Amino acid sequence: KTLLEQRRKEQKEHQEFPDEVQVKEDEKARERFARYRSLKSFKKSHWDPKENLPESYSSIYHFASFKATQRGVMADMKELARAAQTHEGRFWG
């Protein structure tokens, strides 16, 4: 197989199973995933903000009141839509 064919196969497999992680045959999965822990409840579990977590976790936010945040965002979007209609989509002058 050429490198290009191999990469296409890997990409296709990744699209089918995006969360799957490969573990080498000579590697123990228990050791590979030792730093990960399970949570009983993702929403209610305590998170230490100073804990050294993977960078991808930085996209997870905590809202004191999700409903209030949602209402605020939706109000801002409605205001933006109204402004676009009154100015015929010209925001920059």
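**Three helices and an open surface**

The chain has three helices and no strands, where helices (H or I, at least four residues) and strands (E, at least two) are DSSP runs numbered from the N terminus. Along the sequence the pattern reads α-α-α. This is a predicted model, so local features need pLDDT of at least 70 and side-chain atom pairs count only at pLDDT 80 or more, while totals for chains, interfaces and linings use all residues. Residues are numbered from 1 along each chain as its sequence is written, and side-chain values use heavy atoms, leaving out hydrogens and water.

As for burial, buried residues account for 0% of the 93 in the chain; buried means under 20% relative accessible area, exposed over 50%, and partly exposed in between (1.4 Å probe, protein chains only). The accessible surface comes to about 9900 Å², with 53% of it belonging to carbon and sulfur atoms (Shrake-Rupley method, 1.4 Å probe; for residues, only the protein chains shown count as cover).

On to charge pairing. The count is one salt bridge, meaning a side-chain nitrogen of Lys or Arg within 4 Å of a carboxyl oxygen of Asp or Glu. Glu-13 pairs with Lys-9, and their closest N and O atoms are 4.0 Å apart. The two residues sit four apart in helix H1 (residues 3-16), which means that about one helical turn separates them. Glu-13 is partly exposed at 39% relative accessible area, and Lys-9 is partly exposed too, at 44%.

Tyr-36 lies in the loop between helix H2 (29-32) and helix H3 (66-86) and, at 41% relative accessibility, is partly exposed.
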